[in-house]
Amino acid sequence: MIANYIPHPNSQMAQNPLIEALGMPLLPKQFIQATTLSPDMMIDVSSLPTEHHGYYTRTFIDNLSECYVVQDEAPRLYDTVFRMIERGYIYRNPLVYGDIKQLQFADSIEIPEGQERTLKQTANQQSFLVAGLSGRGKSAMVESILSAIPQVISHQEYQGQKFIYEQIVWLKIDIPTARGQRALLWRILESIDSVTGENYYESHQKSSVTALMIAVRKALLIHGVGIIVLDEAQNLSETRQYEKVGNNENATLKFVEELFNKVGVPLLLVGTLSTLNLFSKEMTAARRIGKTGSLILEQCDVESSFWRRFIKQMCPTQLLKNQTTDIDTLTRHVHYLSAGIPAIASSLIKATLSYLTYLTPNNQDLSMAALDHVFKEQFLLVSGALTALKRGQFYKYEDCNPLSQLHSVQQDLFSESGSNIDGNQVCKQSPRSSSSAVNLTEKDQEMLESLTPEALLAQARKYE
């Protein structure tokens, strides 16, 4: 994208080409329009042999994989990311602090003492954490936000002065499952190469970790990187008491924090809920990395705007011959079966629609019975985890275990204040918390839960 400068009203950000080239952020409605993906689902098979109608209908059902419905939290996160990028450029204005490209020929990342005081990089670094359940749509949300922000901006002239510069606004890197420090550093250099056409990765195949860290930091400054997005953050290792930098050492939260904090490039971490376990072990790094805040994504609310829009778009019932079940019933039953996890709901709907195309026209109804049948047939592997989520038994699964800790903290906060978020009075101790207070074992907990009125009624219905 060729730079088109929009003067910034904030005096801290004015007269900075790297900020003013970003332009004005999208308004929420504009953002939703720009990032929503709705595939064409209008099918006409009238000219094809009848026996092939089912096959071509299934190809349209496959198109649902390309759709994207904007989650309710996305516009606010987009706003946060945009502001992080702007603020990260305040002390990296090349017109004020000189040509940072000279670092390309330097032997180290060290910045002159006077300039380092001016940069205030460490104090200015912005950072944010997005963590949530697997299948909740974290990565898709972040990718949709990045798609609404130009990745590369080409500068030619600024305020009548020649200004030749290629600015990389954002980089997204998946943290490798190989937990070594070198693996992560190489992955970052590969990402920079893919955008710039440089050869950082190949030229540092035999470099030490220290040399790689210097190369990464220099490249980030040289190319004016606005924000680093590290996805799959759960692949980081737990911080040990004595951190080391070396070829055989693992990449930890503390290592990541030290890597980027030196140059002040904003950082967005994205991972499953197990990422929260890393933060509980390293308080200093956690405080710095979560400086700008965090977003924790649990199950979707069945009454939320997103869930209703999501189900409406994912259920093109016009493809079926005899649809009678209403959309509200589908909205609630899919939520029940999927425990409010969009990825599970999407797979279930597509599988059920495909299954129905094999049936006679009179039986092509996306109904509760059809969804139940396909769920029992094709989703047994995830049924245990989903049942645990629906019952609040987060302790049974490692990925969901941090939810128990979060809910416990929230419960303690509200119990101390005697009110909930809305200011209404709440009980000092819930039945679930009172059970845990007497240190029940998992077996005892499960036995008590099986004796609830709801569970007993469900068992009784089996014999009716």
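**View 1. Strand 1 and its parallel neighbour, strand 6.** Strand 1 and strand 6 (residues 267-272) run parallel and are joined by six bridges. Strands here are DSSP runs (E, at least two residues), numbered from the N terminus, and two strands count as paired if DSSP finds at least two bridges between them. Look for Val130: its bridge partner in strand 6 is Val270. Keep in mind that this is a predicted model, where local features need pLDDT of at least 70, side-chain atom pairs count only at pLDDT 80 or more, and totals for chains, interfaces and linings use all residues. Residues are numbered from 1 along each chain as its sequence is written, and side-chain values use heavy atoms, with hydrogens and water left out.

**View 2. Strand 1 with strand 7.** Strand 7 (residues 294-297) also runs parallel to strand 1, and four bridges join them. Here Ala131 sits opposite Ile296 of strand 7.

**View 3. The two sides of strand 1.** In a regular strand, side chains alternate between the two faces of the sheet. Ser127, Leu129 and Ala131 point one way from strand 1, while Phe128, Val130 and Gly132 point the other way. Six of the six residues of strand 1 (residues 127-132) are buried, so the rest of the structure largely encloses it. Buried means under 20% relative accessible area, exposed over 50%, and partly exposed in between (1.4 Å probe, protein chains only).

**View 4. Stepping back to the protein chain.** The chain's secondary structure comes to 23 helices and seven strands; helices are DSSP runs of H or I, at least four residues. Of its 464 residues, 48% are buried.
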